[in-house]
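Take a look at the protein below. Keep its sequence and its 3D view side by side as you read.

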Amino acid sequence: MVSAHRDFEGYRGRPPDPKWPDGARLAISFVVNVEEGAELFVGDGDERNESIHEIMQVVQGVPDFCMASHFEYGTRAGYWRIADLLDRYGVRATFSSSGRAVERNPWLARDALERGHEIAAHGWRWEGQAEMEEAAERDMIARTYLAIEGVCGAPPAGWHTKSSPSVNTRRLLVEHGGFAYDSDAYDDDLPYTVEVAGKSHVVLPYAFDTNDMRFQAGRGFDHAGDFARYCVDAFEWLWEEGARTPRMMSVGLHLRIIGRPGRIAGLDRLLAAVTSREGVWIARRDAIARHWRERMGIASGWTATP
């Protein structure tokens, strides 16, 4: 068993004031996950098929075209619905994108960039890294970074692992030198800084509760209103707390999930709520990371792309 440090104390009830721009009480980050084409699929030469989406389905040894088509909905239809809605509210998001998905859908990454969104890294394939060998993980991180840079003309600033990272992931990101932050944590309502490989590294916690993946079977959301109500409740509470101690909120979205016509209204209601409230900074994750680094006095040559 590998021993790994765990921090149960965090800020101990006394978080620092992030001094969000314009005195905002709350920073909100919308994260759109782009995984289509990066999911495991025997037809692409992968060792197995992805087995979880709207249903649990195991197809072994041959391509699962049913599951593949569920993912393809995300790029064919879901993306346009989500991107147009974000435009309507003037919201800029972080598109957390798997390297293989960007390589196979370069038009999507470029369109998102033209609309003002960030393209961050979400692994090469849509898979966990907990059991990866160190050398293989190092190569995978570099491959993902280069693929996104090649398509977008600029490298990704952030990283997010599907499920659990390995004991080496954060150190490998720091040693790579190209990443300003990662989102491989779910443990706070503010960013924080950790010391890794002799350097200060920013962590922007993510969230599974304010996340459309809960529309999947048995995970809590059935209707568009379920998503909207839960996320708006979280927003209202954090906004109230933010009068005393400013907070950060992350909202997780997926092209093939919230992009469905029966669910997109939930995102519409959430966007209407957060964009109509004073004291809210809706920002890409690279902008939040840049602000945090500056606020905490972390030296870096990295700056977020406008």
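This is a predicted model: local features need pLDDT of at least 70, side-chain atom pairs count only at pLDDT 80 or more; totals for chains, interfaces and linings use all residues.

Residues are numbered from 1 along each chain as its sequence is written, and side-chain values use heavy atoms, with hydrogens and water left out.

Start with the charged side chains. A salt bridge is a side-chain nitrogen of Lys or Arg within 4 Å of a carboxyl oxygen of Asp or Glu. How many salt bridges does a search of the whole structure find? The search finds 17.

Find Glu-35 and Arg-256. Their side chains meet in a salt bridge, 2.9 Å from N to O. This pair links distant parts of the chain, 221 residues apart. Glu-35 sits in the loop between strand 1 (26-34) and helix 1 (65-89). Arg-256 sits in the loop between strand 8 (247-254) and helix 7 (264-275). Helices (H or I, at least four residues) and strands (E, at least two) are DSSP runs, numbered from the N terminus. Are Glu-35 and Arg-256 buried or exposed? Both are buried. Buried means under 20% relative accessible area, exposed over 50%, and partly exposed in between (1.4 Å probe, protein chains only).

Now turn to Glu-236 and Arg-277. Their side chains form a salt bridge of 2.8 Å, N to O. Glu-236 lies in helix 6 (residues 224-241) and Arg-277 in the loop between helix 7 and strand 9 (280-282), so the pair ties together parts that are 41 residues apart in sequence. Glu-236 is partly exposed, at 28% relative accessible area. Arg-277 is also partly exposed, at 26%.

Salt bridges can also join up. Asp-84, Asp-87, Arg-92, Asp-111 and Arg-115 are linked in a network of them.

Next comes empty space. Rolling a probe the size of a water molecule over the atoms shows where such space is left. On a 1 Å grid over the protein atoms alone, a pocket is an open set of points where a 1.4 Å probe fits, with protein on both sides within 12 Å along at least five of seven lines; lining residues have an atom within 4 Å of a point. The largest pocket has a volume of about 1,100 Å³. Its lining has 36 residues, and His-5, Asp-7, Arg-170, Asp-187 and Tyr-192 lie nearest its centre. Strand 6 supplies the largest share of the lining, five residues.

How values were computed:
Grid points are joined across faces, edges and corners, and a volume is the space filled by probe spheres set on the points.
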